[in-house]
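User: I would like to learn how to read helix packing, pockets and cavities in a model of this kind. Please take me through them one at a time.

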Amino acid sequence: MTSAAAATATTAVRLTGLRRHYGDVRALDGVDLALPAGSFTAVMGPSGSGKSTLLQCAAGLDRPTAGRVEVGGVALEGLSERRLTLLRRDRIGFVFQSFNLLPSLTAAQNVALPLRLAGRRPSRAEVRGALERVGLGARAGHRPGELSGGQQQRVALARALITRPAVLFGDEPTGALDTATSRDVLAMLRELVDRDGQTIVMVTHDPVAASYADRVVFLVVGRVHGELASPTAQEVALRMARLETDAADVGDAAHVGDAEDVEDRTVRLGPDVSADSLAGGRPC
């Protein structure tokens, strides 16, 4: 599945020599990657391969030890915390496994929250348009407890999309959903790329989820270890099985385990993501 928009697009995200070390652990160890605008990229790898660390660095939520990150042609390493927060707020969207909706607010109020936190007062038409974009225009007045898991994730997507981000990053965005609902959300992500030219970067462990992407990039022990274009679920599953074996054979098993522990401690977001993260701030 290849987006027509991706064929002639510019680069939305570029990573050059990206390294992220936590003490002696090399969570990322020299990653070079270019992600075209208007494309859907899935990032996969064995446990502890650096997937979440890559996403966090690419999205400006964590600063790399070395290397360069560019989003829409803007280099992140020279930005102050304030300018980095503004860039995340205006040009980057986030969707996580936990929906992180405020239970006391309606769907419309949850969607409007990032703009309100940024000092803007969105119009009703703007908010409804974001909900209609994900098929929930009729649910604007419902609170999260009145919505299914898939509908809550769609609200979270609308909240991420209302700022019209250059790049939408997803960390296991369907991980908390049942199979049928997961496929519905993935089909919607695919449509956002094909219909609207949205750029999406998604970390996942699910070969079926990865098959919705234009391209799957594989990481092993913090390094790019090949990719698949126009992937099928079967191809992804076979490649992952081989990578799991390769990772187990690497004589640095402690490195892999420690890297996973570091990722868990450093970048995992709990259910109570702060308001700052919704407005582009760091979620910690």
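User: Let us begin with helix pairs: at what angle do the axes of α6 and α7 cross?

Analyst: An axis is a line fitted to C-alpha atoms, for helices over the stretch in contact, and angles run from 0 to 180 degrees between N-to-C directions. Helices (H or I, at least four residues) and strands (E, at least two) are DSSP runs, numbered from the N terminus. In this case, the axes of α6 (residues 149-161) and α7 (residues 179-196) come within 9 Å and cross at roughly 25°. Angles under 35 degrees count as roughly parallel, over 145 as roughly antiparallel, 65 to 115 as roughly perpendicular and the rest as oblique; α6 and α7 are therefore roughly parallel to each other.

The model is predicted, so local features need pLDDT of at least 70 and side-chain atom pairs count only at pLDDT 80 or more, whereas totals for chains, interfaces and linings use all residues. Residues are numbered from 1 along each chain as its sequence is written, and side-chain values use heavy atoms, with hydrogens and water left out.

User: Which residues of α6 and α7 meet?

Analyst: Contact means heavy atoms within 4.5 Å. On the α6 side these are Gly150, Gln153, Arg154, Leu157 and Leu161, which meet Thr181, Asp184, Val185, Met188, Leu189 and Leu192 in α7. The contact of α6 with α7 then divides into six nonpolar, three polar and two charged residues.

User: How does α4 pack against α5?

Analyst: Helix α4 (residues 107-117) and helix α5 (residues 124-133) have axes 9 Å apart, at an angle of about 110°, and are therefore roughly perpendicular to each other. The contact joins Ala107, Ala108, Val111, Ala112 and Leu115 of α4 to Glu126, Val127, Ala130 and Leu131 of α5, and its residues comprise eight nonpolar, no polar and one charged.

User: Which residues does α4 use to meet α6?

Analyst: From α4 come Ala107, Asn110, Val111 and Pro114, which meet Val155, Ala158 and Arg159 in α6; five of the contact residues are nonpolar, one is polar and one is charged. The axes of α4 and α6 come within 7 Å and cross at roughly 30°.

User: What lines the second largest pocket?

Analyst: On a 1 Å grid over the protein atoms alone, a cavity is a set of points where a 1.4 Å probe fits but cannot get out, and a pocket is an open set with protein on both sides within 12 Å along at least five of seven lines; lining residues have an atom within 4 Å of a point. Grid points are joined across faces, edges and corners, and a volume is the space filled by probe spheres set on the points.

The second largest pocket, of about 320 Å³, is lined by 13 residues, with Ala108, Gln109, Arg116, Arg124 and Val127 nearest its centre. Of the elements, α4 gives the most to this lining, five residues, and the lining as a whole holds six nonpolar, three polar and four charged residues.

User: How many cavities are there of 30 Å³ or more?

Analyst: The count is two. The second largest cavity, of about 40 Å³, is lined by residues including Val95, Leu157, Phe169, Leu189 and Met202. Strand β7 (167-171) supplies the largest share of that lining, three residues, and the lining divides into eight nonpolar, one polar and no charged.

Terms used
Nonpolar A, V, L, I, M, F, W, Y, C, P; charged D, E, K, R; others polar.
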